[in-house]
Amino acid sequence: MGGHKPPRKQKNHRSQRGQPSSSSDPSMEGRSLPSEYDLDQESEQPTPAVQLAMWDFGQCDAKRCTGRKLARFNLLKELRVNAGFGGIVLSPVGTHCVSREDYPLIKQRGLAVVDCSWHRLTDVPFAKLRCTAPRLLPWLVAANPVNYGRPCELSCVEALAAALLICGEEETAHLLLGKFKWGHSFLSLNKELLKAYSECKDSAEIISAQNAWISKQQNPQAFHDSDDGLPPLERNFNHMKIEAEEESESEESEE
């Protein structure tokens, strides 16, 4: 014996397999991992029913560019200049108006727009854009804050939404316009025209409907208050806000 003591058994301090360690990150305490429901909600964001694309020539103010905003929402794809597009392309070089007869091609190959400034059209290399089906838009009035009330000077989102509405793809058109506070104004200003265009079966009928509408207007650029109480063109609050921001920015730069 001699007073000899047997060695003590050492306790196993290792955590059991599959159990969290006692030295876990304290910053994670009280937090829970995302549930399957949360992951499903993120993956179920609304998406366009047709493929949308855009050629961006960087001529517009990036902060106000509606096409870039749609791209940030993953609602359209940005194309390179030399990239081809097999669907319908909204372009000033078109010879026919977009109409319901184009919808099968839009459904199959998509819809694209050329993002450029209306004041710099001559700088755009339209000849390099490889598209087989360029189309024009009929007479419509812009509702965006930059060109509010100006006929035919639509923004990218207005052009895409107009083409989709004319072809009967209303859900996707409303999805795009819903990303902008002034989107409903475009629908209100052009309500009758969009309805008339959507009832036309081809480009020739749309031209007839356009000419009939313009001939009925003594002054096509004069509009009255709409039924839903929107302000008249000369008092558009969106436009006034943009002008106020520009004035404040110029005053700050002078100081």
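I began with E199, which counts as exposed at 56% relative accessibility. The model I am reading is a predicted one. The side chain of E199 meets that of K195 in a salt bridge, 2.7 Å from N to O. I looked up K195 as well: K195 is exposed, with a relative accessible area of 51%.

**Salt bridges**

I then asked how many salt bridges the structure holds. The count is 3 salt bridges. Besides K195 and E199, I noted R135 with D102, where the closest N and O atoms are 3.2 Å apart. R135 belongs to strand β5 (residues 130-135) and D102 to the loop between β3 and α3 (103-109), so this pair ties together parts that are 33 residues apart in sequence. Buried or exposed, I wondered, is R135? R135 is buried, at a relative accessible area of 18%, close enough to the cut-off that I checked the rule: buried means under 20%. D102 is buried too, with a relative accessible area of 4%.

E153 and R150 also join their side chains in a salt bridge, at 3.7 Å from N to O. I recorded R150 as partly exposed, with a relative accessible area of 37%.

**Aromatic pairs**

Next I went through the rings and got a count of 2 aromatic pairs. W55 and F85 make an edge-to-face pair, with 6.4 Å centre to centre and 75° between the planes. Where in the fold do W55 and F85 lie? I found W55 in strand β1 (residues 52-56) and F85 in strand β3 (residues 84-90), so the pair ties together parts that are 30 residues apart in sequence. W55 counts as buried at 0% relative accessibility, and F85 is buried with a relative accessible area of 7%.

F180 and W182 form an aromatic pair that I logged as tilted: the centres are 5.2 Å apart and the planes stand at 40°. I checked burial here as well, and both F180 and W182 are buried.

**Charges over rings**

Last, I looked for charges placed over rings. Which residue lies over the face of F180? I found K69 there, at 4.6 Å from the ring centre.

Key. Residues are numbered from 1 along each chain as its sequence is written. This is a predicted model: local features need pLDDT of at least 70, side-chain atom pairs count only at pLDDT 80 or more; totals for chains, interfaces and linings use all residues. Side-chain values use heavy atoms; hydrogens and water are left out. Rings of Phe, Tyr and Trp (its six-membered ring) pair if their centres lie within 6.5 Å; planes under 30 degrees apart count as stacked, over 60 as edge-to-face and the rest as tilted. Helices (H or I, at least four residues) and strands (E, at least two) are DSSP runs, numbered from the N terminus. Buried means under 20% relative accessible area, exposed over 50%, partly exposed in between (1.4 Å probe, protein chains only). A charge sits over a ring if NZ of Lys or CZ of Arg is within 6 Å of the ring centre and within 35 degrees of the ring normal. A salt bridge is a side-chain nitrogen of Lys or Arg within 4 Å of a carboxyl oxygen of Asp or Glu.
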